[in-house]
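Thanks for coming. Please have the model open.

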Amino acid sequence: MQTKEASQESEIKQVIRSLCMMNNRFMNFMLDDNKKAAQVFLRIILGDDKIKVRNVRIQSFIRNIYGHSSQLDILAQDSKGRYFNVEVQRSDEGAPARRARFYSSILDTHFLQPSKLYEELPDTYVIFITENDVLRDKLPLYDIRRTIKQSAKDFEDGSHIIYVNSQRRDNTALGKLMHDLYCTEPKNLHYQEFAERMEFLKYSKEGEEKMTDVIEEYAARKAEALAKEAEKKEQTNRIELAKGLLADGMSIEFTVRHSKLSEAEVRELASKLTA
């Protein structure tokens with residue numbers, strides 16, 4: 001018979017092995033300090049096979065002393081000094097146009113150091129990977145730049161916003177990358193750089209140890225779900241008790257005191273019983 005601890009360990013391993021890169025936290029682990037994988041990722045999305053990633057880090061907190069601060073999912077820098085912020089958004093509400101604008105602006109304020117000229121401001125790329133086609137033009141990728149309205153020429157200020165529609169999974173390089181974002185098994189991935197990392201995270205002791213916070217997050221969610229379930233059962237029991245007391249002719253005050261429901265809740269139950 002399986003012990004409680006063994007059962008819990010097995011369940012946690014199942015959770016880890018069910019994760020894909022569209023899970024924001026797992027994507028962070030896949031790319032954290034993983035220059036090879038981040039390089040493949042950016043080269044495909046930007047269509048530039050000359051990008052050389054210098055460093056990549058996750059959950060970069062950028063403080064704004066005058067307003068809203070931000071925590072960037074993935075922040076990479078290449079050999080040309082360009083910065084790339086990658087955000088995975090499964091909810092359409094998490095990828096509004098003004099959020100992209102804000103992230104772009106906060107990169108600017110953070111990376112232009114005092115005494116530096118405006119011309120030294122690095123190029124920045126804010127990349128949203130969205131579960132659905134949030135811009136609704138049925139395109140695999142949206143490359144958004146400022147333009148001069150009268151001439152339709154690009155306004156070359158060095159800022160780039162890109163939305164990637166992960167629903168487009170065809171035989172193009174981008175389509176294969178989107179396919180890989182939803183894979184849970186290393187053997188099914190197109191890109192070896194991702195397969196190696198996923199194999200390490202999911203099937204090695206060291207990898208599982210690195211994912212401690214994913215496990216803790218899972219445990220916290222489960223505990224929260226159990227607490228909500230217990231609270232729901234308790235509320236149901238209170239309602240049934242109150243109904244019984246009211247049906248037996250007990251007063252509103254008596255029913256409130258013994259059922260632990262609010263007076264408003266008891267009065268609503270009473271009105272339904274007499275309707």
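This is a predicted model: local features need pLDDT of at least 70, side-chain atom pairs count only at pLDDT 80 or more; totals for chains, interfaces and linings use all residues.

Residues are numbered from 1 along each chain as its sequence is written, and side-chain values use heavy atoms, with hydrogens and water left out.

Helices (H or I, at least four residues) and strands (E, at least two) are DSSP runs, numbered from the N terminus. Axes are lines fitted to C-alpha atoms, for helices over the stretch in contact, and angles run from 0 to 180 degrees between N-to-C directions.

First topic: H6 and its partners. Helix H2, residues 24–31, and helix H6, residues 192–203, have axes that come within 9 Å and cross at roughly 110 degrees. That makes H2 roughly perpendicular to H6; angles under 35 degrees count as roughly parallel, over 145 as roughly antiparallel, 65 to 115 as roughly perpendicular and the rest as oblique. On the H2 side, Phe26, Phe29, Met30 and Leu31 are in contact (heavy atoms within 4.5 Å) with Phe194, Arg197, Met198, Leu201 and Lys202 of H6. Seven of these residues are nonpolar, none polar and two charged. Here Ala, Val, Leu, Ile, Met, Phe, Trp, Tyr, Cys and Pro count as nonpolar, Asp, Glu, Lys and Arg as charged, and the others, Gly among them, as polar.

How do H3 and H6 pack? Helix H3, residues 35–46, lies with its axis 9 Å from that of H6, at an angle of about 140 degrees. The two are therefore oblique to each other. Lys36, Ala37, Val40 and Phe41 of H3 meet Glu193, Phe194 and Glu196 of H6. That contact has four nonpolar residues, no polar and three charged.

The Gln77 side chain makes a polar contact with the side chain of Tyr83 at 3.1 Å. A polar contact is a pair of N or O atoms within 3.5 Å; within protein, one must be able to donate a hydrogen and the other to accept it, and residues adjacent in sequence count only if both atoms are side-chain atoms.
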